[in-house]
Structure formats: structure tokens, C-alpha cells
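Please look over the model shown below. This report then walks through its parts.

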Amino acid sequence: MKVFLKISSLLFLSMSCSNDNYEPVSYDNPELSLNIPVGFPELNNSFYTNKPTKYGVELGEKLFNEKRFSADNTISCASCHKQSSAFADNNIQAIGIEGRIGLRNTPPVQNLAFMKFYNWDGSKLSLENQPIVPIITHEEMDSSILEVIGKIQNDTSYKTLFQKTFGDENITPERIYKSIAQYEYTLISANSKYDKVMRNEGATFTESETQGYLVFQQKCSGCHSTELFTDQSFRNIGFPINPNSNEAGRARVTGNMQEYMSFRVPSLRNVEYTAPYGSFGQFATLKDVLDYFDNGVLDADNLDPVFKNNDKRIPLTEQEKGYLISFMKTLSDGSFTNH
Amino acid sequence: MRNLKKYLLLSAISLAIVSCSSDDATPVANNVTLSFKNTFGDTEIVLGGATSSAATVNTSDAGQVHHFSELKYVISNIRLVKADGTEVPYNINDLDKGATVINHANPSTLNYVMSNIPSGEYKQIKFGLGVRSDLNTLNQVSFPNFYATAGANDTQMMWEWGTGYRFTKIEGFYGTDNKEMSIHTGSTVEGSEGSYTQGVDAYRNITLDLPVNAVVGNQSPKIKIKADFNKLLSGTTNTITLSTGTGMGDNATPNIHTAVQMVKFVDNLGGNGTNDLKGMFSVSTVEN
């Protein structure tokens with residue numbers, strides 16, 4: 001019935017070319033109650049001024065999957081941020097339209113509501129400010145926000161959703177960014193085996209996982225701390241350096257030489273699904289990463305003290321590596337990734 | 001023109017006689033043209049490729065020869081200061097009407113005509129090299145023309161990842177073996193002015209005294225501004241030696257698309273904001 005009314009009012013509008021008597025249909029767009037996992041860090045401040053709503057999230061998800069965001073209508077956000085890979089992908093570096101290769105490995109879009117910094121260099125501090133970047137970047141979607149709006153503004157399904165979300169049909173850049181952020185806020189992964197063990201829901205670690213957890217606490221949790229398994233700090237850990245002249249790590253943003261080639265410590269949640277690893281996909285497997293730590297990393301003036309003070313390495317036996325990988329796989333969340 | 005003046009004079013006189021009015025014919029406003037000349041010292045720059053024999057070659061204080069193949073920068077936030085000290089802002093909050101991309105390869109961009117400047121005498125000009133952080137948001141809805149100009153293929157003055165504009169874009173070659181140099185500047189700040197939460201502000205305010213007052217009224221003066229790119233490497237603030245490589249100290253191509261080495265170049269081109277408010281700019285003449 002609503003749809004019918006909607007269509008008839010549109011018809012009326014287009015026939016009469018008048019909107020003087022147009023009154024928006026009333027809408028009901030309740031806030032979603034998110035299940036905030038126990039022990040997760042504080043929510044990002046932007047969350048409180050853009051709380052997910054029923055239709056905001058629905059609209060955001062539709063936009064997230066909208067290929068018309070790209071100049072040639074071939075890729076959407078979801079093309080690189082695939083649910084099965086914890087909303088990352090398995091390419092070495094991100095691939096945009098016409099096969100253009102981006103600067104870095106696609107970051108997973110999970111638990112972002114609890115993060116203070118976005119992107120590997122922390123260039124953005126709120127999710128609402130992020131969507132324009134891939135839209136306009138040459139190596140990603142190579143479009144512009146007005147081009148995007150031009151393509152979707154006559155789409156009735158969008159008109160309906162903008163109406164339901166914001167009270168009228170106007171499609172603005174801010175509304176697009178806010179809806180996408182609202183959707184991303186709902187992408188919370190906290191249902192892994194690890195979580196079920198910690199919450200005493202009947203799951204138990206195997207022997208190998210238990211050993212892995214012990215090694216992890218000794219040798220990894222200094223950086224991969226909190227329930228997100230990242231302390232969100234930026235560190236140069238001596239990984240092979242991206243030769244692209246646009247890369248400087250965190251220093252690209254801050255200009256601070258102490259942060260040269262430093263990157264945000266990655267969360268290890270769903271790490272099983274996000275290979276390859278490193279800021280530009282230097283490592284094909286988790287084993288490769290652990291071997292690299294064990295063999296020794298590249299030196300740098302600002303090499304993180306964890307390595308600087310320990311002969312540039314994290315010594316690990318083959319057995320320990322196996323245990324660690326077992327443990328890291330307990331961070332895989334099948335319900336989040338649809339595995 | 002002379003005829004026009006005569007005519008104006010004649011009508012003014014006859015008006016005065018007929019009406020006994022003392023109003024003269026000075027318009028309330030007129031144009032002011034900013035004419036940019038990009039130089040190495042006193043020599044106007046000629047662009048050229050790696051092995052170009054026509055390109056103007058400059059030698060830095062550190063002894064490095066260099067020349068440019070591409071040279072662009074953004075001017076915005078223009079204010080003219082009257083003899084009595086009042087500031088007359090020129091569409092300072094509207095990038096479509098008050099900002100421009102100077103592109104050395106495109107001569108028509110070297111003259112920027114400001115319209116409807118109130119009649120009067122002006123002693124000083126202020127402008128920004130780059131875009132103020134509050135406007136540096138790639139707002140395509142509010143400023144579609146500037147967005148299109150800056151983003152055009154031949155301009156490429158957008159810094160996508162920083163969600164802002166490039167403020168200067170210099171491509172060229174240095175050293176006897178013509179190694180590539182590529183220097184881009186732009187802001188990476190987050191948060192609002194006065195309380196930036198992170199990043200580097202590459203916007204610089206320029207203040208230049210005019211050698212003689214620009215008289216706006218019957219005339220539409222032209223202010224000739226010299227941008228001396230010798231200062232890029234041999235500036236008031238920094239003497240820079242270019243080096244190529246992937247280390248954090250290298251600055252010719254790697255890193256300079258980032259904030260790492262950028263500030264030294266920004267301070268040379270646009271001043272450091274404290275004791276140097278001119279950077280590479282000076283006013284050579286005012287044509288009234």
C-alpha cells in the first residue's frame with residue numbers, strides 16, 4: 001500500500017511538476033540496539049552523533065554494495081570488502097576499476113565502531129569522513145560524489161530508503177557517508193571460538209590452541225592487546241618496505257619522522273581469512289609472517305623497541321609457530337564471515 | 001579609450017553645469033588583475049622535459065641544477081588592504097569565486113581578474129598559498145567549478161587520500177643526470193583549526209606590500225606578482241639538498257608525496273608563517 005501511494009505521488013509529481021502540496025509520508029526509523037561485546041574498547045566518538053538506525057543501516061548496506069559508485073559501474077565497496085574475508089579481500093594490494101592497483105592491502109571492515117584510527121596510516125579519525133576517499137581515488141573508483149548521486153538519484157528504491165532514513169528523498173553526500181558509516185558500525189565480530197571460550201559458553205581450547213594462547217601472551221600481546229587484538233598504536237616493525245613513492249606509513253599523515261613506515265597494529269580477529277598480510281601484502285601466509293619475525297626484521301632508526309631491544313627478532317620455535325597459528329584460528333568468527 | 005575619457009569628462013562637465021551636482025563619474029567598483037610571473041630569480045621559467053634544451057635551468061645554493069616540466073599552485077583567500085588599513089576580502093569563503101589554480105603551462109591562468117573591487121586606494125595584498133583547512137574538504141556540492149578545475153586531468157590538484165587539494169605540484173629534473181623530482185604539497189590535518197587532532201597544515205598566508213598604491217576607480221589596476229621558484233630549494237627558511245631513494249631523508253621523489261619532507265618545501269614557497277610571510281612571492285609593479 002505504501003509503495004503504491006509512493007508511486008502514485010511520484011506520478012502525480014512528475015505530471016504536475018509541482019511539489020507545493022507535497023508532504024513527506026510519516027516514517028518510523030528506530031535506533032538499532034547493537035550488541036556491544038563485553039570488554040571491547042570505547043566506541044569512537046563519531047558513533048554517538050550518527051547512531052545506526054533501522055533504515056540508515058539498510059541504506060548503508062545497499063550503498064556499500066552499489067557498483068555505480070565507480071566510474072565504470074564495475075566495483076562497489078563490497079568488491080574489496082568481502083564478507084567472507086572479514087570485509088577485506090585476498091589480493092596483495094587493492095584492485096580498483098580497470099584492474100588498477102592501489103597502494104596498500106585492503107583493510108578488514110570489522111569492529112570499526114571501536115577504533116580510533118582508520119586506514120593503515122590512521123589518516124581518518126571518523127568513518128563518516130572515509131567513503132569519499134575510495135570514490136575519488138584514481139586507483140579505486142575514480143568517480144566523484146556528484147557523479148554517484150547523479151546515477152542513483154532517480155532510482156526509486158533509493159528514494160524510498162532516503163525518505164525512510166532521513167524523512168525526505170534528498171540524496172546528499174553527507175547522508176551517503178553517514179549511512180555507510182552506520183552500516184559499518186554494525187559489523188561487529190565477537191563470536192569466535194576464542195570469545196565462546198572466554199565467555200564460558202561451553203567451548204574449550206584444544207591443547208595446541210591452549211599452548212598457542214600462552215605463547216601469544218608471552219610474545220605477541222604487547223601490541224596485539226585488548227579484545228580487538230590491537231592496541232591501535234603505529235609501529236615500524238621492520239617489514240619489507242613498499243617502494244611506492246606515496247608510501248611513508250603513518251608519517252605520510254603526520255610528517256613525524258619517528259613514524260616513518262609505521263603502520264597501525266592490525267587486529268588479529270578473523271586473521272585466518274585476510275591473507276595476504278602486511279601493509280602491501282608482503283606475506284602470503286601467517287607462517288611466512290612468523291618465520292620473518294623469527295629470522296629477523298629490517299633495521300630502521302625508528303624500529304619499534306620490541307625488535308630494537310631484542311636483536312631485531314621474535315625468536316619462535318617451529319612448534320611455537322604451529323601453536324600460534326592454531327590459536328589465531330580461534331579468532332575466526334564463522335557467523336560474521338558466513339563460513 | 002581616450003575618446004571614452006573625453007566623453008566621460010564632457011558629460012561630467014555638462015552634468016555639473018546642468019544639474020549643479022558635484023558628483024563625479026568614478027564607478028563604485030572596478031576590476032583588479034593579479035598577474036603571476038613564475039621565475040627563477042629574474043628569469044621567467046620555461047618548462048621542459050628531462051633533456052629539454054629550452055627549459056630554464058636553475059642552480060640551487062647547494063649547487064644542484066634543476067628545471068621543471070610542470071608547475072602549478074593554488075591561490076585563495078585573497079584580501080586587499082586599503083590605505084587606511086581596512087581589509088577588503090574577495091570571496092574568501094567561496095572557492096568557485098575566490099580561488100584559482102595557477103598552471104604555468106596554461107598562460108590564461110597566469111592572470112586572475114577580480115571583479116567588483118570597491119573603488120579606493122590599496123596598499124597591501126594578502127592571499128593564501130593553498131586552501132584554508134575549513135574549505136579544504138573537496139566539497140563538490142558547494143564549489144563544483146573549483147572542484148572540476150582542480151580535479152581536471154591536466155591539473156590533478158586533488159590529494160585524494162588527504163581528502164583535500166594539492167596546494168603545489170612541481171614536477172621536474174635535477175642533477176647533471178636529470179634525476180626525477182616530484183614535489184607535491186597539501187594538508188593532512190584532521191579536526192578544526194586551533195584544535196587539529198593530527199596532521200600537517202600546508203596552507204600559508206602571504207602578505208605583500210604594494211610598491212605604490214593600487215588605485216581602483218576609473219582604472220582597473222594590475223598587480224604584478226613574482227613567484228621566484230629559486231626559493232624552492234634555496235629559501236629564506238631552508239636550504240634543501242635533493243636526494244633520491246626510499247629512506248626517510250630522501251626528498252626528491254619518494255616521501256614528498258607525503259607529509260614527511262613536505263614542510264621544508266612549504267616553508268620555502270609560502271613562508272613559515274611567523275617571521276617570513278612572503279615565501280617566494282613579491283610584488284614587482286602595480287600598473288594603475
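## Model and numbering

This is a predicted model; local features need pLDDT of at least 70, side-chain atom pairs count only at pLDDT 80 or more, and totals for chains, interfaces and linings use all residues. Residues are numbered from 1 along each chain as its sequence is written, while chains are lettered from A and ligands numbered from 1 in the order in which they are written.

## Two domains in chain A

Chain A splits into domain 1 (2–185) and domain 2 (193–337). These bounds come from an automatic or database domain assignment. The domain centres, taken over C-alpha atoms, are 30 Å apart. Domain 1 of chain A puts 26 residues into the contact, and domain 2 of chain A puts in 27 residues. Two residues are in contact if their C-beta atoms, placed from the backbone, lie within 7 Å.

On the side of domain 1 of chain A that touches domain 2 of chain A, 12 residues are nonpolar, 11 polar and three charged. Here Ala, Val, Leu, Ile, Met, Phe, Trp, Tyr, Cys and Pro count as nonpolar, Asp, Glu, Lys and Arg as charged, and the others, Gly among them, as polar.

## The UniProt record

UniProt places the feature "domain: Cytochrome c" at residues 55–156 and 207–332 of chain A, in an unreviewed entry. Its positions are given in the numbering used here, feature names are shortened, and annotations may be inferred rather than shown by experiment.

Residues 55–156 of chain A are 27% helix and 0% strand, with end C-alpha atoms 15 Å apart. Residues 207–332 of chain A are 34% helix and 3% strand, and their end C-alpha atoms lie 18 Å apart. Helices (H or I, at least four residues) and strands (E, at least two) are DSSP runs, numbered from the N terminus.

## Where chain A meets chain B

Chain A brings 23 residues into contact with 24 residues of chain B. Helices H5 (132–136), H6 (145–152) and H11 (251–254) of chain A each give two or more residues to this side of chain A. H11(A) gives the most, with four residues. The side of chain A that touches chain B holds 14 nonpolar residues, eight polar and one charged.

## Ile180(A)

Ile180(A) sits in helix H8 (residues 173–185) of chain A. Ile180(A) is buried because 25 other C-beta atoms lie within 10 Å. A residue is buried if 20 or more other C-beta atoms lie within 10 Å of its own, exposed if 12 or fewer, and partly exposed in between; C-beta atoms are placed from the backbone.

Leaving aside neighbours within four places in sequence, Ile180(A) contacts Gly60(A), Leu63(A), Phe64(A) and Pro131(A). The C-alpha atoms of Ile180(A) and Gly56(A) are 8.0 Å apart, though 124 residues separate them along the chain.

## Helix H14 of chain A

Helix H14 (residues 318–329) of chain A has 12 residues. The buried residues of H14(A) are Glu320(A), Tyr323(A), Leu324(A), Phe327(A) and Met328(A). They lie on the same side of H14(A) because they cover an arc of only 135 degrees around the axis. The arc is that of the directions from the helix axis to the C-beta atoms.

These buried residues pack against helix H10 (207–219) and helix H12 (286–295) of chain A. The face of H14(A) turned away from its buried side carries the exposed residues Glu318(A) and Gln319(A).

## Chain B

Chain B has four helices and 17 strands. Its C-alpha trace spans about 80 × 45 × 35 Å along its principal axes. Of the 288 residues in chain B, 42% are buried.

Technical notes. The expected span of a helix is 1.5 Å times one less than its number of residues.
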